Amino acid sequence: MAANSASKYVHLFYTSFIIIILLLLSCIELTQCSVTYDKKSLIINGHRRILISGSIHYPRSTPEMWEDLIQKAKDGGLDVIDTYVFWNGHEPSPGNYNFEGRYDLVRFVRLVQKAGLYMHLRIGPFVCAEWNFGGFPVWLKYVPGISFRTDNEPFKNAMQKFTTKIVQMMKNEKLFESQGGPIILSQIENEYGADTQAYGAAGHAYMTWAAKMAVGLNTGVPWVMCKQDDAPDPIINTCNGFYCDYFSPNNKATKPTMWTEAWSGWFSDFGGPIPHRPVQDLAFAVARFIQKGGSSTNYYMYHGGTNFGRTAGGPFITTSYDYDAPIDEYGLLRQPKYDHLKALHRAIKLSERALVSADPTFVSLGNYEQAHVFSSKTGGCAAFIANYHINSSATVRFRNRRYDLPPWSISILPDCENVAFNTAKVGTKTSLVNWLPTKVNKLGWQTISEDVSTVDSDSKMTASGLLDQLSVTRDASDYLWYSTSVVINPSDFHRNTVPTLSVESEGHVLHVFVNGALAGTSSINTLYNFNKQNAQLLINLLLLLLTCYYFVTISKGSAFGNQDNRKVTFSGNANLRAGMNKIQLLSVAVGLQNNGPRFEQWKTGVFGPVVLHGVGRGSWDLSRQKWSYQVGLKGESKNIVSPTGISSVDWTDSSLLGQVHRPLTWYKAYFNAPQGVEPLAIDMKSMGKGQVWINGQSIGRYWTVHAKGSCTGCNYAGTYRPTKCQTRCGTPTQRWYHVPRSWLKPTQNLIVLFEEIGGDASSISIMKRSFK
């Protein structure tokens with residue numbers, strides 16, 4: 001009995017010992033894979049951290065670029081990669097999901113993990129981001145009874161379903177930090193606070209619901225809401241802006257001070273200049289935020305990338321989303337922005353122990369000069385000494401030492417004695433863009449024109465009155481044809497009066513055709529169409545003589561909106577004839593609205609009035625009569641942009657015709673991939689407006705409209721705004737368009753472009769981009 005009793009106690013001891021060990025290991029594992037927070041900072045695996053982050057949006061580059069971009073971010077001193085999740089890219093139609101190619105989110109997150117960095121996954125799923133429709137799929141607009149971003153059951157159901165899918169996907173792949181993965185933060189909604197007033201009580205109820213829904217998904221990591229002052233606990237409210245030193249969370253006792261978008265530059269729109277933010281001011285803003293107790297800063301953008309396809313929103317946002325970021329659109333390091341920020345990050349990291357251990361003490365050093373000191377018995381000492389004057393340098397004494405401060409600058413002293421970094425003192429030379437020629441020029445172009453005369457015959461929809469463009473196209477194309485007919489009696493013409501047509505549209509671009517010809521050019525087009533069939537020699541001669549005249553008059557048949565005035569007004573001569581006349585309006589979208597209260601209700605397309613003047617009793621409103629609608633272009637419907645669809649039409653060798661500035665024309669050619677590894681771009685300076693594809697992949701929209709604005713000098717000192725430092729005034733806002741090398745084959749690469757208003761394709765070339 002005694003032996004058995006002893007054996008029992010030994011067995012119980014070992015069992016208890018194993019249980020204790022397992023519990024200890026479990027506690028250790030939970031400690032090593034946890035993210036919490038207090039008023040000072042995020043606490044990752046039991047350690048407070050000052051985090052430097054950068055936004056890299058996976059669809060705005062190619063998978064082949066991702067690893068290099070992430071490594072460059074790490075080398076630049078970043079701890080975290082930040083990205084939105086793009087709903088319309090992942091669910092293009094209800095229940096049909098896409099997580100491949102540029103939308104392979106799991107692959108992107110795993111590459112971040114492989115590099116040893118953390119991830120902030122901003123699910124939204126509204127993203128704004130100058131992205132088409134704010135990241136929402138267009139089909140969402142047509143869910144019965146829906147109203148976006150408010151206390152609306154259809155919207156909440158759809159939003160929760162997508163958010164849950166993304167979270168569950170990350171959980172299945174064990175990608176949250178609580179599972180040993182890199183995701184330390186997630187965001188629900190996006191910059192909703194500014195829109196709350198428009199939605200009233202329903203907006204507040206929706207925001208509260210969204211927060212509760214997100215927390216209920218049990219990710220094991222904190223959630224944030226940016227620009228949402230009333231974000232409920234435990235959601236962390238954060239700041240976005242050019243400066244965030246003024247910001248405090250809504251619960252200073254429990255929440256850290258975080259900056260989710262430190263704008264490194266600004267986006268560009270067709271017809272506007274290119275904004276630049278001096279790195280001295282950006283570094284100044286970040287240091288200013290940290291010295292006030294900020295613990296996490298994310299550069300928006302660290303790599304901006306490219307709005308491939310029709311992903312740019314706005315409208316009028318350029319295909320380039322370069323954003324003047326430290327890593328440029330092509331993946332090259334922009335200097336001195338990259339190196340100067342890298343030095344800033346190093347100085348902040350040297351100060352990290354003090355920053356997370358103490359609250360800052362303010363010390364006045366003069367009218368414009370001050371210091372913020374972090375000092376504790378266990379955390380050492382760090383100081384930030386600032387000069388806020390925008391014109392004058394200053395010399396100050398701090399702790400019996402003398403420090404010289406340039407205007408609008410902050411010096412960082414990780415030991416409260418020695419200066420490790422000053423925001424205004426840049427030690428790296430400015431990199432200058434160098435465009436190198438390749439052998440891809442003077443291509444053998446073939447062309448085919450859109451047949452305007454048969455648009456009516458292909459129409460599948462008719463209606464009385466003018467319809468919203470988006471309701472017809474469902475964003476399947478930028479293009480929508482509005483067509484109607486009018487019968488004019490000979491007696492309706494007025495002596496010595498030329499009939500005119502006026503059209504009011506909600507944009508964004510309008511091309512007007514009367515009897516198959518662009519308004520104002522019918523005699524030329526009619527002659528062209530007739531002689532093309534009967535006498536090729538005659539047409540070549542006539543076209544050579546009339547090219548200059550034609551190019552000048554093309555704009556008479558078109559009207560263009562812009563970022564300042566999105567509505568389009570056309571007024572021009574209408575070459576009418578006795579009998580039946582066709583009026584055809586080609587409405588062109590340049591990206592859908594991406595933000596604002598109830599932005600899903602914004603109109604797009606021709607809403608009228610559409611009025612003929614100078615016939616009959618003086619004016620004739622066509623707005624309410626019967627109109628037919630044709631979605632897209634014939635080239636789109638036949639998929640002639642792809643290698644498999646290119647042979648579905650009869651192409652014509654361009655020869656002299658290729659030099660003529662003809663509207664609504666498709667071009668195709670083949671080229672071999674340029675040698676080398678430098679990033680590539682297609683130079684579209686000689687073209688007008690349209691879209692371009694390489695091997696069936698859409699490079700994006702191009703438009704060589706010249707930039708209007710003020711491009712005077714640039715001083716880094718003083719409060720920055722996008723209009724302060726600009727370039728490219730008087731030249732095309734965007735001339736070069738990124739061609740990813742991974743889209744190319746060694747030989748026989750197909751390039752197809754569609755030109756709306758006319759251009760000279762013979763001058764198109766592909767260039768190599770580098771910095772010197």
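Begin by selecting Cys381 and Cys416: in this predicted model, a disulfide joins the two, with an S to S distance of 1.9 Å. Cys381 belongs to strand β15 (residues 380–387), while Cys416 sits in the loop between β18 (409–413) and β19 (421–422), so the bond ties together parts that are 35 residues apart in sequence. Look along the S-S bond of Cys381 and Cys416: the torsion is about -75°, so this disulfide is left-handed. Both Cys381 and Cys416 are buried.

Next, select Cys711 and Cys729, which are also joined by a disulfide (S to S 1.9 Å). The link of Cys711 and Cys729 is right-handed, with 75° about the S-S bond. Cys711 is partly exposed at a relative accessible area of 32%, and Cys729 is partly exposed at 26%.

Now select Cys714 and Cys725, where a disulfide again has an S to S distance of 1.9 Å. Both cysteines lie in the loop between β37 and β38, so the pair connects parts 11 residues apart in sequence.

Counting bonded cysteines along the chain, the pattern is 1-2, 3-4, 5-8, 6-7.

Finally, select Cys128, which is in no disulfide; the nearest cysteine sulfur, that of Cys226, is 9.5 Å away. Cys128 is buried, at 7% relative accessibility.

Terms used. Residues are numbered from 1 along each chain as its sequence is written. This is a predicted model: local features need pLDDT of at least 70, side-chain atom pairs count only at pLDDT 80 or more; totals for chains, interfaces and linings use all residues. Side-chain values use heavy atoms; hydrogens and water are left out. A disulfide is a pair of cysteine sulfur atoms within 2.5 Å. Helices (H or I, at least four residues) and strands (E, at least two) are DSSP runs, numbered from the N terminus. Buried means under 20% relative accessible area, exposed over 50%, partly exposed in between (1.4 Å probe, protein chains only).
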